[in-house]
Amino acid sequence: MRYKLTFVAGLAIGFVLGTRAGRERYEQLKKSARQISQNPAVRNVAESAAHNGREAAGKAFHAVSDKVGDRMPESVTERVRALKERGSGTEDDWGTSNT
């Protein structure tokens, strides 16, 4: 119960402070976030992290499939195959390359 009250209090304080800042501050934050996301260094790091994540997921998939083998339900196996096939394109949902 204490955590729920803390969360609700934080939410209320954030709402009050956010409404006081207004639309102008929101637009300013949005512009800053866009500038940061367009920075080539940030894009390279994000691309690298995505690539490393895909590699780790592939290794984990192989490790799990080697240990579990045929004991996986067919529905799970099909879902993993579908996700793997969907991710084999040259660009991901963020517009970054998979290389």
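What share of the 99 residues of the chain counts as buried? In this predicted model, the buried share is 3% of the residues, and the chain exposes about 8800 Å², of which carbon and sulfur atoms supply 61%.

The fold is described by three helices and zero strands, so that the pattern read along the sequence is α-α-α. The helices are listed below with their residue ranges.

| Helix | Residues |
|---|---|
| α1 | residues 2–38 |
| α2 | residues 40–68 |
| α3 | residues 74–86 |

Helix α2 is capped at its N-terminal end by Asn-39, a side-chain oxygen of which lies 3.0 Å from the backbone nitrogen of Ala-41.

As to confidence, the chain averages a pLDDT of 79, with 84% of the residues scoring at least 70. Among the elements of the chain, α2 has the highest mean pLDDT, 86, whereas α3 has the lowest, 77. Where pLDDT is low, the predicted coordinates should not be read in detail.

Notes. Residues numbered from 1 in each chain as written. Predicted model: local features only at pLDDT ≥ 70, side-chain atom pairs only at ≥ 80, totals over all residues. Heavy atoms only, no water. Helix = DSSP H or I, 4+ residues; strand = E, 2+ residues; numbered from the N terminus. Expected span 1.5 Å × (residues − 1). Polar contact = N/O pair within 3.5 Å; in protein donor to acceptor, adjacent residues only side chain to side chain. Buried < 20%, exposed > 50% of the residue type's maximum accessible area, 1.4 Å probe, protein only. Areas by Shrake-Rupley, 256 points an atom, 1.4 Å probe, with all protein chains shown as cover. pLDDT = per-residue confidence, 0-100.
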